[in-house]
Amino acid sequence: MRLSMAAELPTDPGTAIALQDRLRELVDPTDPRPPDFRTVAGLDSAYDEGGNVVAAVVVLDAATLEPLDTATARGTTSFPYIPGLLAFRELPTTLAALEKLGTTPDLLVCDGQGIAHPRRFGLACHIGLLTGLPTFGVAKNLLGESDQPAPERGSVTDITLDGEVVGRTVRTQTGIKPVYVSVGHRIDLDTACTAVLSLSPNHRQPETTRRADRLARALLRDGTP
């Protein structure tokens, strides 16, 4: 697939923050069309202590969750580990993997934050702008404030930052720790939460994330190109 926007990849924190502030104004936190997602892709990355990175993209049939396509890429990162700027450690390799895909999915699901971010511009926002596709983030850890939802599957509570609603805590499995959903680009929060539940029939994490994570970690372990 082709990116819809040229990627700027700063190498220092100051430039990266300025880029986030500038691109934030382009994010569209709405759903521009009926949510008829036939194919959904999960994106994830794995690292080792030497700075080697493997990015994986797994495309699934949205109805059956059967795999349709995969792509991976290897790289290294020298960008420092700074909260709020973690996207810049993953972007180069993730974009390389996306460009290898033989199909363009209808929806992207990132392992990370969207607008639930100190500058309202997490990895899912960045990926959404660069691809032009509906994108949202599903994080394993809470960034902001949120009450715990009820223990039943499908229960939700708002996530707030500085008094602003930036996402939702979603219980994908009864009695299991929730996940944290936030809009990336071209999708609204209700649609994103509905998609998370449909993609998580049996586990806490959506199948898109689980399969991309497994693939990336396996390739990092065995050194497969």
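This is a predicted model: local features need pLDDT of at least 70, side-chain atom pairs count only at pLDDT 80 or more; totals for chains, interfaces and linings use all residues.
**Exercise 1. Work out which residues and elements line the largest pocket, and what classes the residues belong to.**

Step 1: start with the space itself. The largest pocket has a volume of about 780 Å³.

Step 2: look at who sits around that space. The lining has 29 residues, and the ones nearest the centre are Tyr81, Leu86, Glu90, Asp111 and Gly112.

Step 3: sort the lining by element. Strand E1 (39-47), helix H2 (87-100), strand E5 (135-139) and helix H5 (207-222) each give at least two residues. E1 supplies the largest share, with four residues.

Step 4: sort the lining by class. You get 14 nonpolar, eight polar and seven charged residues.

**Exercise 2. Find out how many cavities of 30 Å³ or more the structure has, and describe the lining of the largest cavity.**

Step 1: know what the search is about. Rolling a probe the size of a water molecule over the atoms shows where empty space is left.

Step 2: count. Searching the whole structure turns up one cavity of 30 Å³ or more, and the volume of the largest cavity is about 30 Å³.

Step 3: name the lining. Leu43, Asp44, Glu90, Thr94, Cys110, Asp111, Leu123 and Ile127 surround this space. Two or more of these residues come from each of E1, H2 and helix H3 (123-131).

Step 4: check the classes. The tally for the largest cavity is four nonpolar, one polar and three charged residues.

Step 5: look back at Exercise 1. Glu90 and Asp111 line the largest cavity, and Glu90 and Asp111 are also among the residues nearest the centre of the largest pocket.

**Exercise 3. Explain why the buried residues of helix H1 lie on the same side of H1.**

Step 1: pick out the buried residues. In H1 (residues 13-23), these are Ala16, Leu19, Gln20 and Leu23.

Step 2: ask what they pack against. The buried residues of H1 meet H2 and H3.

**Exercise 4. Decide whether Thr72 is buried or exposed, and list what Thr72 touches.**

Step 1: locate Thr72. You'll find Thr72 in strand E3 (residues 67-76).

Step 2: apply the cut-off. Buried means under 20% relative accessible area. Thr72 has 19% relative accessibility, so Thr72 counts as buried.

Step 3: list the contacts. Leaving out residues up to four places away in sequence, Thr72 touches Ala55, Ala56, Ala97, Lys100, Leu215 and Leu219.

**Exercise 5. Describe how E6 and E7 pair, then look at the phi of Asp162 and of Arg186.**

Step 1: pair the strands. E6 (residues 156-161) and E7 (residues 164-170) run antiparallel and share six bridges. Take Thr157 as an example: the bridge partner of Thr157 in E7 is Thr169.

Step 2: look at the turn. E6 and E7 make a hairpin with two residues between them, and Asp162 is in that turn.

Step 3: Most residues other than glycine have a negative phi.

Step 4: compare with Asp162. Asp162 is not a glycine, yet the phi of Asp162 is positive, about 55°. With 75% relative accessibility, Asp162 counts as exposed.

Step 5: Arg186 sits in the loop between strand E8 (179-185) and helix H4 (189-198). Arg186 is not a glycine either, and the phi of Arg186 is positive, about 60°. The relative accessible area is 26%, so Arg186 is partly exposed.

Notes: Residues are numbered from 1 along each chain as its sequence is written. Side-chain values use heavy atoms; hydrogens and water are left out. On a 1 Å grid over the protein atoms alone, a cavity is a set of points where a 1.4 Å probe fits but cannot get out, and a pocket is an open set with protein on both sides within 12 Å along at least five of seven lines; lining residues have an atom within 4 Å of a point. Grid points are joined across faces, edges and corners, and a volume is the space filled by probe spheres set on the points. Ala, Val, Leu, Ile, Met, Phe, Trp, Tyr, Cys and Pro count as nonpolar, Asp, Glu, Lys and Arg as charged, and the others, Gly among them, as polar. Two strands pair if DSSP finds at least two bridges between them. Buried means under 20% relative accessible area, exposed over 50%, partly exposed in between (1.4 Å probe, protein chains only). Contact means heavy atoms within 4.5 Å.
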